[in-house]
Amino acid sequence: MNFSLQNITRNNILSLQPYSSARDEFTGEASVFLDANENPFNSPLNRYPDPRQVVLKNQLGILKKQAPNCIFLGNGSDEPIDLLFRAFCEPGEDNVVAIAPTYGMYQVAAGINNIEFREVLLQEDFSLNAEKILSATDSATKLIFLCSPNNPTGNALQQDEIIRIINNFNGLVILDEAYIDFCPDKSLLGNLEQYSNLVILQTLSKAWGLAAIRLGMAFASPEIISVLSKIKYPYNINLLTQEKALEVLQSSEEKELWVKTILQQKEILKKELARLPLILKIYPSDANFILVTTTDAKYIYNSLVNKQIIVRDRSRVALCGEALRITVGTEAENRILLEALKEIGELNRNK
């Protein structure tokens, strides 16, 4: 590998003079703020939030065992995904490679930024083949997207194959670990310093139960984080989001209990689903959801909708014929789902 961040960064980004907000030029406490043209009344929401999110990054740094200058915070993980395209991919010239099936936002972001999107199918068992990924790259490939545990398949990708890709690619490898709290031993975050071209995405939306506040995290070398920070909007993380995240992060006991409960319920749900004739296959899952192959995904999905139970129809996704993706709910929610599926199966047999 011959990775150089400067070589893959767009020239206009290298020469860009970033916007400097009032709160970038002064940090700290003061008795009178007359620098940012804010309304002096209506405290406490009349002031702009910290554009660098220093306090929150320090707290996350302790939790994640990462230096604050290796952390970028975004409006969900979608913001750093978009910024990676804008910083490193020349529109109409460069391309990115991603596994398929996977999280659909990578392809949407590529389309928005006018970047060729190359899909490489996973193996039939949803495992990763590094050589297939690397073979799809060329000199114009700037980013490779890997999601582990993957969405919608649920499985964590093999670490040796991920590392083989990282070590043999001259662009950035983006490893999306949105569901890693459900299998923390399979994270590469602890090895981040070893790989100068690795970006790891995580989120507070899943295990932490904070999807509504939209806080995503990108972890990478200080040099990569500096580029993303250079082109983000000045106040991209609002004060309410920062304060709520800090409040929740003070104690992880509830989150750990939620994760333990969800994993227990997942095993129960898998056993019960396996007893239903309309469920043909249950795929291994390292996440908080299960992908299942059914007898008729569209019919079952619509029947569940009629009962006001919503799952995700993934039958039109590559390698996922007649598949439904089921998020693990509470014990009561899972029981309602199972009873509904039994009723649907009975009705289908009596037709």
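**Buried positions in a predicted model**

In helix α9, which spans residues 222-231, the buried residues are Ile224, Ile225, Val227, Leu228 and Ile231. Because these residues cover an arc of only 155 degrees around the axis, they lie on the same side of α9. The model is a predicted one, and two further buried positions, Lys266 and Asn46, are described below.

**Lys266 in helix α11**

- Lys266 belongs to helix α11, which is made up of residues 253-274.
- Although Lys266 is buried, this residue has no salt bridge, and the nearest side chain of opposite charge, that of Glu267, is 5.0 Å away, whereas a salt bridge requires a side-chain nitrogen of Lys or Arg within 4 Å of a carboxyl oxygen of Asp or Glu.
- When residues up to four places away in sequence are not counted, Lys266 touches Ser285, Asp286, Ala287, Phe289, Ile290 and Val328.

**Asn46 in the loop between α3 and α4**

- Asn46 sits in the loop that runs between α3 (22-25) and α4 (54-64).
- Asn46 counts as buried because its relative accessibility is 13%, and the term buried applies to values under 20%.
- The side chain of Asn46 places a polar atom 2.7 Å from the backbone oxygen of Asn39, and the side chain of Asn46 also reaches the backbone oxygen of Phe41, at 3.2 Å.

Key:
Residues are numbered from 1 along each chain as its sequence is written. This is a predicted model: local features need pLDDT of at least 70, side-chain atom pairs count only at pLDDT 80 or more; totals for chains, interfaces and linings use all residues. Side-chain values use heavy atoms; hydrogens and water are left out. Helices (H or I, at least four residues) and strands (E, at least two) are DSSP runs, numbered from the N terminus. Buried means under 20% relative accessible area, exposed over 50%, partly exposed in between (1.4 Å probe, protein chains only). Lys and Arg count as positive and Asp and Glu as negative; His and the chain ends are not counted. Contact means heavy atoms within 4.5 Å. A polar contact is a pair of N or O atoms within 3.5 Å; within protein, one must be able to donate a hydrogen and the other to accept it, and residues adjacent in sequence count only if both atoms are side-chain atoms. The arc is that of the directions from the helix axis to the C-beta atoms.
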